[in-house]
Each structure stands twice: as structure tokens, then as C-alpha cells.
Amino acid sequence: MNPDFFNIESALSEEERAVRDSVRRFVDERVLPIIGQCYVDGRFPRELIPAMAELGVLGANLPEEYGCAGLNNVSYGLIMQELERGDSGIRSFASVQGALVMYPIYAFGSEEQKREWLPRMAKGEAIGCFGLTESDFGSNPSGMVTMAMEQPDGTWILNGGKMWITNGSQAHVSVVWAKTNGDKEASSIRGFIVPTNMAGFKAKDVKGKLSLRASDTSELTFDNVHLPATAVLPKSGGLKSPLMCLTQARYGISWGAIGAAIACFEEALSYARNRVMFDRPIGGFQIQQVRLADMLTEIVKAQLVSLHLGRLKDAGTFTPQQVSLAKRNNVDIATNVAREARRLLGGNGILAEYASMRHMANLESVYTYEGTHDVHSLILGQAVTGLNAFS
Amino acid sequence: MKIAVCIKRVPEMDVTFKIAPTGKAVDETGLKWDMSDFDGYAVEAALQLTEKAGTGEVHVISLGPDVVQETLRKALSMGVAKAVQLKCDTVPFDAYAIGTALAAELKDGGYDLIMFGKMSIDGANGVTQFVVAELLGLPLVHACSKLEIADGKGSARREIEGGGELVSFALPAIVSIDEGIARPRYPSLKGIMAAKRKPLEVRPAQLGEVRLTIETMELPPPRAAGRIIGEGAAAVPELVALLQNEAKVL
Ligand SMILES: Cc1cc2nc3c(=O)[nH]c(=O)nc-3n(C[C@H](O)[C@H](O)[C@H](O)COP(=O)(O)OP(=O)(O)OC[C@H]3O[C@@H](n4cnc5c(N)ncnc54)[C@H](O)[C@@H]3O)c2cc1C
């Protein structure tokens, strides 16, 4: 059965289909054969980075003049969908590199910063991470305490720390968000390009993760890191700047979640048709058919949401609140699809040999990062009532 | 070195086909289409030859309605320099008619090597390259599993029952490609964008006379569903018992 039950294929351009098919083949040939073991080992498969770069998935919707593929946003979304059909950790790597590090350098950086970093990052020669969250400031990043002080000569001294930073320990460069010059207001927040080899910069892996195990997650500390004047992203200012990055990444996540859901649905469907119990395939029992029908329905709805959102983004008319709706809905349904798939698989469903429980556990991270499900509820609540539940 | 590869757009085969109401064709609703597998190997082999030589270029030709342009653009996104569509409303089921049109296009193209897949995976006739070789008076090596070009000469390997056959040939020549020669690369995303800027020429196909048509198509009788008995060594005794008593093949 084709999970594209509504022939959404027909709403894609030839180029969008070609992009999806190339990434799909990459995931089938390079990711799926190794990812279960990587997950068990708690290892991000770095060996895939050159091939991902060669394929062109890093910062794929940024312009060709900076060494990127220059694709539209629907193509970009399809890339995220296919990568996460492999594993949320692989998609997270690409999201962070493209939407959270290359995008802010592109949007808020000087021409020199763009020329220095974007082509190398597209080639996978420089890996990036994005430091916003702190241990005491997750859903509320405006409370952050990391501080950058400008010196008389224009250079900066950075102190503080970040928590839960994807790619942190393997990154060559970090985009760090910090308040500036002792001002505790969120309006003083600015972005800094911080090479990870600077004195005073430390990254330590978070141990004991039961989710997103094929991804590096780290704690960063900055102890009097002395940054050149050129480290600041000149066009960044206030919390709005990192939130713009998050809007980019969340858009991609809304697609990525569909990929994870499709992987689980396909696994569950194939299992339901082949697993015989009480002398017939379990797919012949009504309970399993309801399960599969519910999964399929939610996947189709999620696909339509993301596709339309992508068209709005390409037209330049999408809003962050629409992205919140898509991220919230699609990750939520994917989490449910993964859990139902795992259950349908019975005992086999708890094995790493099958994908559903890995996706189910991964999606708990995706549910939490980039704005928790609850936080997106409040964003939508504010959008429809006009009343702010945060303050 | 200038190489032409003739490619065909075919339905992806891992589906259950239905026959159209006419009874003479496959029902095309819902089918997905791609370059025929062997043609993909041929495009890859051609690209590798020019990459290895460091010079030369690869062109692709496909005969059919405008939808074949998607297949041509796929080849362009893999690295081919130029594509030609020989336009006709439907693709006849007759290698002579098709071969005539291809030969007319290839004749004055100045190609050192003309490549085909050994057969299309839908029609599975594997005759078109023979027609073209005959019409152009060129040597043909059919179903090559290895191919080398050096000093203006070619050498190829063919798999035959229980061994291999090594042949050498003068250029220009025609070769058709078997699987195993090279796995086609997947187009990079930049390649897909670049393909939009490469030349894709459209000319009317000068089809030869159509002397062969399909009368009726029929499906094989349906097979009973399989079943999973279990996994690993524990499932072996039951499997053996079933093969003995139920399938009666042991
Ligand atoms: C694997 C992983 C990778 C990550 N990668 C990155 C990264 O690369 N860069 C980065 O900067 N961050 C990253 N994060 C951090 C992530 O964005 C935060 O974990 C997230 O914002 C939630 O913050 P928190 O964990 O402090 O939870 P908290 O904010 O403490 O939330 C705890 C609970 O309270 C709820 N809650 C919070 N506020 C409210 C409210 N006002 N009303 C109702 N309920 C509320 C939340 O929904 C949640 O259920 C990552 C996280 C994980 C798990």
C-alpha cells in the first residue's frame, strides 16, 4: 500500500519529487542499514556527514551563491521528512546545521561571516550547534543568564552556559545567544559566532539519554571566552532573532515528524499483513484495522498541513503561529502513530531490529524541543484569544 | 569522447499491475515512472567513462510524449550534458519503428559510442539496439557487464553460461549494458537544480513503419498469500514439517 493515500504526490512539482526521491534513496541505502545499531550504541553516525553534504541536504533552502542547493521550502520539507523516516537524530543534525546555524548566519550575519561559514557548512567541513536553552531557562529563554560584555576595543567576553545542545560536542562552530553588557532584559539578546576551539569553551555530552540516542546532545560552558569584535551577528537583536531561527527549524520538524510516522505506519502495516495469530494475519482483525486506519488518517492530515504551510512559506506569507500549529499537531500525531505501531508489533515491537520503538522514544525529544507541545498550545491560545498566558 | 545513451521511461515495477479496459495495455492510473533500470546503468557507465577520461560528454535521447522530459531531466541531474526528446504521442510496441527514429537522430551526431540498456524492464524485448546497429551499420556488443575505452578502441565483458566472454571492438560502436556494471548515482540536489539550466531539445520522432501491435494482455493466475511461521532457529522444525507435509517439496 502506498502511504500517499491522497495522492499528495500529484501536488508536488517534478523537482520536488526528484529531491525527495534522491534523499529517500540515500536514507534507504545509507541510514536504514546502520541506524538501529547506532541507536543502541548511543552514537551519531558521523561517517554519513560527507555523503549528506555531497547530496546537498545541509542548508538546502539557502542560496546557491553560498554553496547551498537553493531549493524551495517544500523541497526542504520533503528532505526533512525523508531524513526523519530514517531517524529523528539524523534529521536533528540537518535541522540544526541548516535552520539553526546556517540560517542565522545567513539572516543576521555580515557578508564576510556568510562567505566564511556558509560554503564550508554546506560542504559539511564545518559542523554547527545552536545554543539557546540553559539549564534553568528552557521554555522561557528570555530569562537566560549567559552574558557577553563588550570591551573598550570592541571585542567581547562571554560567560555562562547552555544545556541540551544538539551537535554540541562535535561542532566546529556554535551560534550562542547571550544577553549583552549587563542588561537583563531580553531585548539585549544578541547572537555570537563562537568557534568551539576558543579558550574557555567546553562541551560535555549529556549521558543516559533514552531518546534521540543517535544524536549528540551536550552541555556547553563559556568561561571568559574572548571573542573578536567580528563574532557578533550584526543584524541580530532581541529574543525575536533566535525565535526566527526556531520558526525555520520548527517548519522542518513538522515535515520530519511525518517521515517518522510513515516509517512506523509502513512497518506496522507490513507486520499486520504477515503476522499470523489465531490462524489469520492480525491485519484481518478489526482492532488492528482501526489502528491502521487511524494512523493513516492522521498521516494524511499532517501531510496536507505541512504541504500547505510550505506553499505559504514559499509565497512569503506564513506566520510563526501557523508553524506552531503544524509542529504541535504533526509531532503529536507521529508520537501516537509510533506508539500504536509499537503495540501492534507485539513483543517484536520492543526490539531495536524494528523501527517503531526507536521512533517512539525519539519523538519524545521532538515533542519537547523547539517549543514543547504545551508551549505551542499557549502560542495558539494567544493567537485565537488575544490573551497572553505566558505573562 | 562523445557518448549517446538511449533511455526509456517505464513504470516502476514493484506494484500489482492492472490491465486497461481495452485489454491491450496496462492501466496507467497511479503508476509511478522512472528511467528503465538497465538504461540507468548505461547512463552511469557513460558518465564514469567520461569522468575517467577527463574529457568528453554524454547526451541522452528518449522517444515519447512530453512526460519523457522528466526522465531526461533525471539524466541531466545525474551529470549528462544534453538531452533530446524525439516527440511522438505514444510509444509504439515495435522496436523497428523506434529504432528507425533513433537511428535518424544518432546518424550525424558524431558519437564515438552509443549505449542502451540491454532491454527495457517493461517491454523486455531487448531488440531496439539491434535495429539501430543494423540501420547505422555499426558493430554491437550486447549485454556488457564491463566496459573500457582506450586508444580509440573498446573492450567489454559479457556474462555467458558458466563464464565470461571478453570482446574488443572498434569505435564508433553500439553497446548495450547489463546490470552489475555500475549502480546509478542518485542525483544531488544541486544536480537537480542545475538540470533545469541544461539544454533539452525537442524534435518530432521520425518513426519507422509500425509492424507489430499488442492484441491482448493477460495477468498470471493469482497466488495464495504466504505466511510467517516464526523467526530464527526455533522456527526451523515447523518449517521443515510444513515443507514436507503441506507443500510436499521435501
Ligand atoms: C534531545 C534534545 C535536544 C535539544 N537540542 C537543543 C539545541 O540544539 N539547542 C537548544 O538551545 N536547545 C535544545 N534543546 C532544549 C529544548 O528546546 C528544551 O528542552 C525545551 O525548550 C524545554 O525546556 P526544558 O527542558 O527546560 O523544560 P521546561 O521549560 O522546564 O518545561 C517542563 C514542562 O513544563 C511545561 N511548561 C513550561 N512552561 C509552561 C507554561 N508557561 N505553561 C504550561 N506548561 C509549561 C513544559 O511544556 C514541560 O512539560 C534540546 C532538548 C532535547 C531534549
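The points below concern the ligand site, the chain contact and some helices of a predicted model.

1. Ligand shell. The ligand is surrounded by 21 residues, of which the closest are A:Thr133, A:Gly138, A:Ser139, A:Thr372 and A:Asp374. By class, the shell holds ten nonpolar, nine polar and two charged residues.

2. Origin of the shell. In chain A, strand S1 (128-131), strand S3 (156-166), helix H9 (356-368) and helix H10 (373-385) each contribute at least two residues to the shell around the ligand. Because domain 2 (128-231) and domain 3 (240-385) of chain A both give residues to this shell, the ligand lies between them.

3. Contact between the chains. On chain B, 13 residues are in contact with 19 residues of chain A. Helix H2 (68-78) and helix H5 (189-195) of chain B each provide at least two residues of the side that touches chain A. That side of chain B comprises six nonpolar, two polar and five charged residues.

4. Helix pair in chain A. Helix H3 (residues 73-86) and helix H4 (residues 88-108) of chain A have axes that come within 6 Å and cross at roughly 145°. H3(A) makes the contact through A:Met80, A:Leu83, A:Glu84 and A:Gly86, and H4(A) through A:Ser88, A:Ile90, A:Arg91, A:Ala94 and A:Ser95. The residues of this contact are four nonpolar, three polar and two charged.

5. Helix H7 of chain A. At 1.5 Å a residue, the 30 residues of this helix (residues 286-315) should span 44 Å, and the end C-alpha atoms are 43 Å apart, which agrees. After H7(A) comes A:Gly316, with a positive phi near 80°.

Notes
Residues are numbered from 1 along each chain as its sequence is written. Chains are lettered from A and ligands numbered from 1 in the order in which they are written. This is a predicted model: local features need pLDDT of at least 70, side-chain atom pairs count only at pLDDT 80 or more; totals for chains, interfaces and linings use all residues. Helices (H or I, at least four residues) and strands (E, at least two) are DSSP runs, numbered from the N terminus. The expected span of a helix is 1.5 Å times one less than its number of residues. Two residues are in contact if their C-beta atoms, placed from the backbone, lie within 7 Å. Ala, Val, Leu, Ile, Met, Phe, Trp, Tyr, Cys and Pro count as nonpolar, Asp, Glu, Lys and Arg as charged, and the others, Gly among them, as polar. A residue is near a molecule or strand if its C-beta atom, placed from the backbone, lies within 6 Å of it. Domain bounds come from an automatic or database domain assignment. Axes are lines fitted to C-alpha atoms, for helices over the stretch in contact, and angles run from 0 to 180 degrees between N-to-C directions.
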